[in-house]
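I opened this notebook to record what I looked up in one structure. The entries follow in the order of my reading.

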Amino acid sequence: MPITRMRMRPWLEMQINSNQIPGLIWINKEEMIFQIPWKHAAKHGWDINKDACLFRSWAIHTGRYKVGEKEPDPKTWKANFRCAMNSLPDIEEVKDQSRNKGSSAVRVYRMLPPLTKNQRKERKSKSSRDAKSKAKKKSCGESSPDTFSDGLSRSTLPDDHSSYTTQGYMGQDLDVERALTPALGAVRVAADKRGWEGVPAQ
């Protein structure tokens, strides 16, 4: 009969309490704060059996790695472990206590009190609201090359842009002048008849 897979939090608690993984220890058991060794594989003295054994154990537990079937892949084990940790709602990293560099690099985490049923529902509805909001922002915020930032499509502009040229504007000026010419002519005729303040007619 296959062994049932445990959730990550109880599995982690079991690993910490077993004291079998070097560096995986409780810092403060009452506050449920613990550390995980997080040495970078490129560092001098890195050892797969010492520095990647927690990540390998999780990969074996989840069935992603079977000893002898695949080549060991500590980089993938660590990435999968990190993703699983980041997705847990009841474990958070204590970033100000973590040390990300050097041969004694560790990440410090805190196990939070389990969520109540109502909190789980609230978190679920909030995450679905956030997802909808992100999707809406994405659809509104993304613009194709044929769309302006204010949401207007280029297709709303006329294909013929000749009216934007100097020639087009000059043509408009001529139209205005032609419209005003009869009125100006009438004023000039009136001025000629009166001898407008002694200005001779032209």
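I took helices (H or I, at least four residues) and strands (E, at least two) as DSSP runs, numbered from the N terminus. The model is predicted: local features need pLDDT of at least 70, side-chain atom pairs count only at pLDDT 80 or more, and totals for chains, interfaces and linings use all residues. Residues are numbered from 1 along each chain as its sequence is written, and side-chain values use heavy atoms, with hydrogens and water left out.

**Entry on Lys70.** I located Lys70 in the loop that lies between helix H3 (53–62) and helix H4 (74–86). Is Lys70 buried or exposed? Lys70 counts as exposed because its relative accessibility is 51%; buried means under 20% relative accessible area, exposed over 50%, and partly exposed in between (1.4 Å probe, protein chains only).

**Entry on the strands.** I looked up the pairing of strand E1 (residues 25–28) with strand E2 (residues 33–37): the two run antiparallel and are joined by three bridges. Strands pair if DSSP finds at least two bridges between them. Across from Ile25 I found Gln35 of E2. E1 and E2 make a hairpin, and four residues separate them.

**Entry on positive phi.** Which residue in the turn has a positive phi? Met32 does, with a value of about 60°, and Met32 is not a glycine. I then turned to Asn19, a residue other than glycine whose phi is also positive, about 55°. Asn19 sits in the loop between helix H1 (8–18) and E1. With a relative accessible area of 60%, Asn19 is exposed.
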